[in-house]
Amino acid sequence: MSTHLLLLLLCLVASAVEIAPARADTQVNLQIDRLTAGKFGRNFGRGNHSKVIAKFNGNGQHLLLHARSFDIDSFDEVRIRVNGESIGQLPLTKNRALSGSHLWIIPAAIQKAGPNKITFVLTNNDRSWGVQDLGLYSVGSSAARFGNWPNNRGLKIVRRAVLHLPTDFDAAQLSFSFYDIDNPREAVIRPSSGGKTIPPNTRDNDWGRSFVVEVPANTESIDISNLAASTSGKIWGFQLDGFYYGFPENHAGGFRALTRAEWGTAEVRRVLHTFAFGGRASETQIQRWSKMDPRHAITEMLNFDEHNLKLSPPSKLDRDAVHRQPGTLRGMTKYWSGNRGSNPVPRSSRNLIGSDWSLGIGWSQMAMARGLNPFRQKIGLWETNYHMAVNMNTNVDANQVITYYDKIMEQLENNTPYSRVLSDAATSAAIATQYNHGDSKWIRETQTCECNEDFAREYHQLFFGILGRDESHYHETVSIKNMAKALTDIRVLWNSRKNRFEPWPVWGSSDHHGGALEIQHASIGGVNARDKITTLSQISIEHPESQANLPIKIIGGLADDNLTEEKIAVIRNAWQSMRPKNLLGFLRAYAISDTFHSRDRVKYWTSIDRSMIFANKYYASNQEGYYDIWYANSYRRDQVDVFRPKHNVFGGQTGLEAARSPDIVRRVINDSTEHMYYFVRQHLETDGRKIQKNWTSIVPKSANGKYRVKDVAEWLWNQYIGDDLKHFNSVARAHVYALLGHQHDLLLILSERDINRVITERDLKHNPRIRRIVRSLAGQQLKLDSSKKASREEAHRRLGRAIAFIVATPFSFAQQGK
Amino acid sequence: MNRRDFLRNALASGAIYSAGGLPVFSDSAEAGFAAVRHRVLAGVTLAGGPDFRHLFPPAFSTNTSSYGYRFWRARANSFGIGNSSQAMSKHWNNGFYHRGSGNETFGILKQAVWLKEMWDAGNVAIVNNVIGSDSRDHSHGLLVMDQGIRSSGPNDRNRSGWGGRLALAANGNVVSTSYAPRPFCYPPHESGDIYSVGSNGMISTPNTRDLDIWTPDNNYPQWNERGKVARALRSYYVSLREDLDRDSVFYDFVEHEKNVRRFGVQIKQRLRSVRQPAALKSLSRWDNETMKNPGFAQQMSSLYDALACSDILRMRVASLDYGDWDSHGDQRDMIEPNLVDLFGRNRSFDVFWKALPSQAKNKLVFVIFGEFGRQLNANGDGGTDHGRGNSVLLIGRPVRGGVYGDMFPQQELARLHEPSPDIHGRTDIDQVFGACCNWVSSGSRGAVFPDFASSRRESGVSFARLFS
């Protein structure tokens, strides 16, 4: 008998053994964040089942299911379902052998409140099979750390794990952190769709920072391997910190994304003006984005990287290489205010950027600098000046604000769950100083609190949107009272060597209420205030009032001053369905949704918005901005300043406030007329040094290779107004064409005797002389690149006049959704 | 006539911005200061939750079960004193003017000299136990106080303010003197719908001496750069009044331009003959070191000018604000300088009042309020935490001075040991502010306060004789 025949016979014998029918289903209860002992299946351990039902109580968060399979011979032999929805199959193994560790993501969207069921169903009833090491873990929880390190009390994985992704997403982002990675050869992440990611190095015996892996729609699984395991038994660990659907519209309650047909240049410009102060992207780049799938375009447009060179490409005119500097508030203010030879900022302006009293100017320079990321600064402004505002007009110093700003942005860049971003902000020195935590003590002897309810209330209200409206008595007398006790023994120490306060507080326990405190119906323990805040934040983000109010604060603050009940419901649903909360994913999904691009959305620009949109469009290079720092920060003339919010912790000037102020309209119009020198300058000047104002590097030429007035006018309108010419009506065109195409304005061109007349759309429709003149003006050439100095300077002046006109029109004060 | 019709008719009556004929100048020494022909209510918002009990405490008593003793004991920490009888008695005697009303004796903080003088002149009404929002959060509380709509939720931001509605009901305008107009000033939508905001009826004058849109005069060279854009913009804005849909969100800016352009020139001309009071001018300089907040003196200066131009502006309501009252810690050091800024000798109100022509004083009433009061007990940090009820102050010659409502309810004593005890609201804002509305424009109260019908007034209190 040949070996083959012998094997066949053995298999038949084995099969004969397995023909006995399976007994009833078996059930097992799973606890979240625990491994469950036991072997289940058929001819595996003591089991003889064709179906295993694992029950658990849903917690509304994305979960990870861990399992090892036994004796799986075919791809579809055992299916895994959660509440009836398939999440995959048990992986193949060798005959009568166990697989390695496999993890499946169970999205929050397919879970139910209360009892949930995971079923393992054998599709071929005459097979042996098995599953063991069943475990269920919340994505992002500390229990969901896997690997091989001393004292690992969780699930040990020495060599490799395979993470299976849901099947119904278009693209996803996964946020990982790793343990004790010394070099790039130790671990690797390989998506089944191709490519690989090397985890960044960490400190010894420590977890590193989170990083993000983006995978496309066709990714079924991700292989996570310890490459050094076989040679040295290398310790390692990994954690899935977050899992973000790139496009929540695929799931119930999410936004509806625009289709490719609905997405065009108008939509791209709208996003850029709202979320990136207009951005610095070239017209070519805007066209490119408009032709992409919006869901892909938005990932290029909006990200929290320090540098986004598509959104804000460097200028060839600059030699500052800002795009290679650290794009943090600390890094850039240090660079611009320092005395390094490469610092391009004029000497007298360096103190403006570096001093405590004008830190806001440093921020403005970042928001307008080519080579950085204006979206990052827009969100940074909102987080630190509106949502979680700190105020340098109180005792908060520049060093604390810089640390605060950079930490928030670093976490957003790393896709840290939003609850963690908020809890780390709440435990900053800036907040501790703003709310004067240093005076708050728990007196053990008398069991009394020398404290106040200031941040105890604002933590709930401002950070999370919890007002306690549904249970005000409990909120006032339990949650806030106990939160005040939790916020004790927090000190911000003076560093006499550096002559400044430390940027991080010291968390004591001697003057702290050490016991657990009831807040939001939960028992919040921790040896110091930071522990308690960190624990509480994970609960607060899920509080029903937070779920209802926080997304409205975000969208109301950033993008919509006219939120209707209908839009509010959509926004709330999208936020509630997102677990864990991720600001970037939320904003991206919103920015390409029909909610953002709806006709009744209105965003009124704040004075800072207007100034930064202007600066991003006016300065052809960073160098021009450096030579014009005072004018670039024109918002200060409206009594508005960055890091000194008008309403203290309740935030800076809002768009609505600006829109309701006729005085701001007056100031803007007077800037364009009485003070129009700034628009028509040929040079920008500081320290007695001049640089030529450059237009040719940014104004695109017409198809004929010249600067045709009509084309320049439309380009300017789109630059500053960004509405894809929607409101560039015939009257506005006539005035702008005249200012560009002639040395006089339209009224003077028409008649020296009637210069106060009003030109209406009716005139432009029915008056042949005016029509003829306007048509002629539209066809003129602007001699921006003339070899003759006088012609060039006149072209510059005309361009300046046209800009002065455009930025003082009503359309420069607000943006409409569609 | 229902509220919407009332307000719509007021709009339809036109002339909201008309100059109202030739000004009648006062007979005072203030040349150029026009007679204030109509009553004007000036709302002063003290954002942050001002502790009026710090300004007006009860008389200290050595009787340990009395309100006068237990209040001082509970508040010693926020007064920055020890809680011995000696310390409390000393502070009561040295820190306050002692005044009485009926059986009630209370103090007026000694630094608030002007307030004391106005009280003595019978021109201060202290209305107690007033409540707007039942919420203790600042933004919602302010939103309700500004809008005068108690039923507004925290997200109902885009509604008109009661100052804007009152001005409209009085066929006039509201003048905002702060840099950003408070929502108190927002006028109702042109349809008369108070639950949305319109653009007619609000004038912003943070600096009355710099109010106009620059316009080249007839002697200005036609070919000058500035004139070219100025002409183009003026013509364009006028065209938009015709070409732009009135429901467009951008139409508000067209209206702003129109109003500022119109008023700017007239006010500039008028103020050439009205001397800015030197003391106010000095206080309002940004580098003035005697004022904690010189910006408030600037607002008072603008109010002075606005009154001088009240015929042009058709001012019936004015708005001022002074923030920074959220005194969770070191309350005494925090809010007493604010109170001095407002009511101290040679400070904002004092110098304003001294400069104001007598005829204008007869037509002006200040209503001073914050979004809520503070808790009855001081906290462990020398301050007080958020409460709900508070007092509202009415000041002016037309005011019949006195205390309205129980200033120190005995029932509060029983609650001192409960968590977070505060002043219980007994009178809704609609009642107090509504009385102000009727003083400005008879019968306007119901049109301005949509929730008036359901509002409460403290037992035994009447506002029928709040104004003389």
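Predicted model: local features only at pLDDT ≥ 70, side-chain atom pairs only at ≥ 80, totals over all residues.
**Exercise 1. The surroundings of Thr488(A)**

Task: Which residues is Thr488(A) in contact with, leaving aside neighbours within four places in sequence? Why does Thr488(A) count as buried?

Solution. 
- Step 1. Thr488(A) lies in the loop between helix H14 (472-486) and strand E20 (490-491) of chain A.
- Step 2. Once neighbours within four places in sequence are set aside, its contacts are Ser440(A), Lys441(A), Trp442(A), Cys449(A), Cys451(A), Asp511(A), His512(A), His513(A) and Ala529(A).
- Step 3. For His513(A), the backbone nitrogen is 3.4 Å from a polar atom of the Thr488(A) side chain.
- Step 4. Thr488(A) counts as buried because its relative accessibility is 0%, and the class covers values under 20%.

**Exercise 2. Aromatic pairs**

Task: How many aromatic pairs does a search of the whole structure find? How are the planes of Phe455(A) and Tyr459(A) arranged, stacked or edge-to-face?

Solution. 
- Step 1. Over all chains, the search gives 78 aromatic pairs.
- Step 2. In the pair of Phe455(A) and Tyr459(A), the ring centres are 6.1 Å apart and the planes make 70 degrees, an edge-to-face arrangement.
- Step 3. The two residues are four apart in helix H13 (residues 454-464) of chain A, about one turn of the helix, and both are buried.
- Step 4. Tyr590(A) and Phe596(A) form another edge-to-face pair, with 5.4 Å centre to centre and 70 degrees between the planes.
- Step 5. Tyr590(A) is buried at a relative accessible area of 0%, and Phe596(A) is buried at 0% relative accessibility.
- Step 6. One aromatic cluster includes Phe614(A), Tyr618(A), Trp695(A) and Tyr720(A).

**Exercise 3. The interface of chain A and chain B**

Task: How many residues does the contact take from chain A and from chain B? How many salt bridges are found across the interface?

Solution. 
- Step 1. Chain A gives 75 residues to the contact and chain B gives 62 residues.
- Step 2. The two chains bury about 6200 Å² between them, with 59% of it on carbon and sulfur atoms.
- Step 3. Of the area that chain A buries against chain B, 12% comes from Arg660(A), Pro662(A) and Arg666(A), more than from any other three residues.
- Step 4. Eight salt bridges cross the interface. One of them joins Arg136(B) to Glu476(A), whose closest N and O atoms are 3.7 Å apart.
- Step 5. Between the two chains, 26 residue pairs are in polar contact.
- Step 6. On the side of chain A that touches chain B, helix H23 (residues 662-672) of chain A supplies the largest share, seven residues.
- Step 7. That side of chain A consists of 30 nonpolar, 20 polar and 25 charged residues.

Terms used. Residues numbered from 1 in each chain as written. Chains lettered and ligands numbered in written order. Heavy atoms only, no water. Buried < 20%, exposed > 50% of the residue type's maximum accessible area, 1.4 Å probe, protein only. Polar contact = N/O pair within 3.5 Å; in protein donor to acceptor, adjacent residues only side chain to side chain. Contact = heavy atoms within 4.5 Å. Buried area = accessible area lost by both parts, 1.4 Å probe. Salt bridge = Lys/Arg side-chain N within 4 Å of Asp/Glu carboxyl O. Nonpolar A, V, L, I, M, F, W, Y, C, P; charged D, E, K, R; others polar. Phe/Tyr/Trp six-rings, centres within 6.5 Å; stacked < 30°, edge-to-face > 60°.
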